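Thanks for making time today.

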Amino acid sequence: MGGNVYIYIVVMSLVSFAVRVLPLTLIRGQIKSVFVRSFLHYVPYVTLAVMTFPAIVEATQLPAAGVLALGVGALLAWRGAGLLPVAACCCLTVLAAEGILL
């Protein structure tokens with residue numbers, strides 16, 4: 001990677017600034033579109049999911065154990081289990097899957 005590091009910092013700063021300032025300057029008033037409002041409502045959840053799901057699979061020794069734990073966790077959460085039981089069952093699922101498969 002050659003070049004001046006200060007140019008990279010300035011470009012990164014301008015892009016970060018533009019991402020924060022453009023919505024404030026371009027969107028005046030309340031957003032009335034139901035589609036846009038629902039889209040903006042789910043953006044933080046999608047961003048968190050995109051960062052979390054690959055880490056779940058890659059955090060284990062075997063990706064299959066991570067996928068299995070993800071399925072168990074999703075099923076338990078879908079059925080209304082709390083965070084602690086879901087996390088404990090996912091950990092036990094990974095432990096059992098890696099014990100069997102390794």
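Reading from the N terminus, the elements of the chain run α-α-α-α, and the secondary structure comes to 4 helices and 0 strands. The radius of gyration of the chain is 21 Å, well over the 13 Å that the globule rule gives for 102 residues, so the chain is more spread out than a compact globule. Please keep in mind that this is a predicted model. Along its principal axes, the C-alpha trace spans about 55 × 45 × 20 Å.

How much of the chain counts as buried? Of the 102 residues, the share is 11%. The accessible surface comes to about 8,500 Å², and 76% of that surface belongs to carbon and sulfur atoms. As for contacts, if we take those in the chain with a separation of 6 or more, 42% of them are accounted for by residues 24 or more positions apart.

Let me now turn to one residue, Thr60, which is found in the loop between α2, residues 34-58, and α3, residues 63-78. Is Thr60 buried or exposed? Its relative accessibility is 17%, and because buried means under 20%, Thr60 counts as buried.

What does Thr60 touch, once we leave out residues up to four places away in sequence? The residues are Ala65, Gly66, Val94 and Glu98.

Terms used. Residues are numbered from 1 along each chain as its sequence is written. This is a predicted model: local features need pLDDT of at least 70, side-chain atom pairs count only at pLDDT 80 or more; totals for chains, interfaces and linings use all residues. Side-chain values use heavy atoms; hydrogens and water are left out. Helices (H or I, at least four residues) and strands (E, at least two) are DSSP runs, numbered from the N terminus. Buried means under 20% relative accessible area, exposed over 50%, partly exposed in between (1.4 Å probe, protein chains only). Contact means heavy atoms within 4.5 Å. The radius of gyration is taken over C-alpha atoms; the globule rule is 2.2 Å times the number of residues to the power 0.38. Accessible areas come from the Shrake-Rupley method with a 1.4 Å probe; for residues, only the protein chains shown count as cover.
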